[in-house]
Protein chains: 2
Amino acid sequence: MTSPVRRVAEAARRASRILSKSSPEQRNSAIRAAAKLVEQNRQQLLEANSQDLAAADPMLASGEMTSATYERLRLTGKKIAEMTRSMLAVRELPDPTGKVLQRTELDQGLVLEKITCPLGVLAVIFEARSDAVTQISALGLKSANAVVLKAGHEVERTALALIAIIRGALSNCGLPEDSVALVTGREPVRELLNMTDLVDMVIPRGPKQLVEFVQANTRIPVLGHAEGICHIYVDETADIEMALAIIDDAKTDYPAACNAAETVLVHEKIASQFLPSLAEMSRSRNVALRGCERTCAMLADHRIESVKNAGWHHEYSDLILAVRVVDSIDDAIEHIHTYGSSHTETIVTHDPIAAERFLNEVDSAGVFHNASTRFADGYRYGFGAEVGISTSKLHARGPVGLDGLTTYKYVLRGSGQVAGDYQGANARAFTHKRLAIE
Amino acid sequence: MTSPVRRVAEAARRASRILSKSSPEQRNSAIRAAAKLVEQNRQQLLEANSQDLAAADPMLASGEMTSATYERLRLTGKKIAEMTRSMLAVRELPDPTGKVLQRTELDQGLVLEKITCPLGVLAVIFEARSDAVTQISALGLKSANAVVLKAGHEVERTALALIAIIRGALSNCGLPEDSVALVTGREPVRELLNMTDLVDMVIPRGPKQLVEFVQANTRIPVLGHAEGICHIYVDETADIEMALAIIDDAKTDYPAACNAAETVLVHEKIASQFLPSLAEMSRSRNVALRGCERTCAMLADHRIESVKNAGWHHEYSDLILAVRVVDSIDDAIEHIHTYGSSHTETIVTHDPIAAERFLNEVDSAGVFHNASTRFADGYRYGFGAEVGISTSKLHARGPVGLDGLTTYKYVLRGSGQVAGDYQGANARAFTHKRLAIE
């Protein structure tokens, strides 16, 4: 017997076929209609949310839920306005499907095109954020993908209310309401992760544990990252003021972000001059340093803690910064390859040769020169909307915009050509002429 | 204790770091040197091969090895010349790394580039073909990836001799010889498939069983395809002669190829006119038809077999063709989505609207209009060398050239910018200006 979750995924697959032939205008109207209905049904949403909050109250009281999570869970009029604003912003982005990436004449009257198209069905697993429902639905519709959402139980009632509204909008606009679905409970995650025939990509949005669980339990491609251990390397010719400003921004602007810096590597030739300033700045910004032996020795007056076992491979997500003195740029790169998570790394230097070596040799999704790691972000990169940040090397790497939700197909238009004519003694020759993409 | 295979993979990882900073010229010289040495050591290679052949003789006699495999295994002077020719052809291709895919000004003096770079370490698992060693080594070097090869035991001695020659050439050219390595025996496959920290991509080159085994036993991305069930849909307005020529080519040119056609779908309005011609053509070309009920009835005189259970989802790889009459283009597309392998499908029609619907709606790596499915091939697409054909939707889809062995990184060049300046009350605005790629 087909399980309820599988039935949802099968319906999503069918809906994805219809979405893939819908027009961008139709999908844009559906996003607009959904945004409008979310705004209009504000009262109903707040009521559903108050039930989620009531269920969360005892967890908050017992300490089982942090107040930060409780606040994320709480819907407000302002948050609803922000949801609709962000849906409408996704609507404004260019259509990511149907783009011709390459056009080649293979022979006269035989033209090959490489064209973007939707992936199909996305499974998105998230925890307590209700804005994930509207954002993912908008991203899915924009890219003509169906989405099956699995929400954390804390936010279930709010998510169900939102999904009902969005499905209503789809249906009003003549698109299948199964384009967006929500499954609840615990079992669906494992089930979804096994549906290699129905789900084309899994996107876990949540803490490291969730991402690692998903990565360990599926053969469906996963878009995301488990951790962001970002480095700043202060080269021997670094401008000290610039390095301090970049470290300050990268550590304190939003310490819990994946693009926040965790480790500063300092060239030994600048260390004695740089480290005291770093210690001063850190003290003033409430950042606790953890040092290597040499750092601790050089900053003896500051009595900083030493980095503990595995400390170099740890995402503090807090106002804590690991500091290591290295002998050379090679040692810095080696450290990054050994302990990093291939997310984003910065070199601060005035030496253009060192900069180019670092940018070329460091094997991370983002490699920066004289700029904060915090720029590693879809909005800042100019992508409009961000699906997530990928530290995998395949398909999409780094911040991922709508393009990450597409694949491509090769379209060949001929007039009866057969391959046999292009081989053997009297073979026709291919022209293989690259044509312009208008 | 580190296993021997893990040590090989660790050495490959180190070599990949050095390859990634080598120049294209250096890698090209290494390919040329390797090709030259292969040619010069021809006698030694033939001797190693004669030992593999001697070991295979009893298997051939007992029927454990097919004569086709035995012939693939056998090295000849001509095959060695072809190996070196194809290595030199890979050398001539444009460098796939270091290509700027996108350039964006985020703000004055803050420029983001998306640049191609190697994946790192590739594990390639193949069976009895010794030309795989030279081809994969050349592709790996060209794209600055290290490769760990796992050869079938039948070809082990030949493969070891080839690898020793290629490693010698690498070393002569100042590149790490661990850039190319061979592991032997049975256990290494499972071990390699578990090395998520050292191997970036697995490429199984071999029969369906091998590919399925690899796909089922690794979380490393796999490039390849388990099966190619390609369809030709003969629409109601098809030119019958054209349809017959395309089917003939797609079925008989090389029936064992993954891009050979397995199933012909025929619109009911053209069926009574088309099927008898198809039956004639098939008879003259020794192709056995297997029909749906309607096909069998219409071709009662030809007494063709009916398609058995699961026959629609079967890669015959032989001179056998399944034939089904469908009521509409929608039914044809539905059939393809239900039974196909998302490899390559063709519509034969004079109706441009039907053609565009088919090209747009069919969810396969290749969708063709009035051309043989056999064009789905890296050489024919103009890619120069083909790594394989992918039926996965992520990273690379369809025939994969050198580009499929690269990923990209985002390189950001600044002058001390911090993200904090671009948010809050007096936020600087991003310019997000798309710049030209020279």
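Two residues are in contact if their C-beta atoms, placed from the backbone, lie within 7 Å. With that in hand, welcome to a predicted model, in which local features need pLDDT of at least 70, side-chain atom pairs count only at pLDDT 80 or more, and totals for chains, interfaces and linings use all residues. Residues are numbered from 1 along each chain as its sequence is written, while chains are lettered from A and ligands numbered from 1 in the order in which they are written. In this model, 55 residues of chain A are in contact with 55 residues of chain B.

**How the copies meet**

- The copies meet through the same surface, because 100% of the interface residues of chain A are also interface residues in chain B.

**What chain A brings to the interface**

- The side of chain A that touches chain B has 55 residues in contact with chain B.
- Several elements (helices are DSSP runs of H or I with at least four residues, strands are runs of E with at least two, numbered from the N terminus) each supply at least two residues of that side, including α1 (4-21), β1 (100-107), α10 (240-252) and β16 (406-417) of chain A.
- β16(A) gives the most, with eleven residues.
- By type, that side divides into 24 nonpolar, 19 polar and twelve charged residues; Ala, Val, Leu, Ile, Met, Phe, Trp, Tyr, Cys and Pro count as nonpolar, Asp, Glu, Lys and Arg as charged, and the others, Gly among them, as polar.

**Strands that pair across the chains**

- β13(A) and β16 (residues 406-417) of chain B pair (DSSP finds at least two bridges between paired strands) in the parallel sense over five bridges.
- Within this pairing, Y410(B) in β16(B) is the bridge partner of G366(A).

**A sheet within chain A**

- Four strands of chain A form an open sheet with parallel pairing, in the order β5-β4-β3-β6.
- β5 (180-183) and β6 (201-205) of chain A stand at the edges with a single partner strand each, so one side of each is left without a neighbour in the sheet.
- β4 (residues 146-150) of chain A pairs with β5(A) in the parallel sense over four bridges, and K150(A) stands opposite V183(A) in β5(A).
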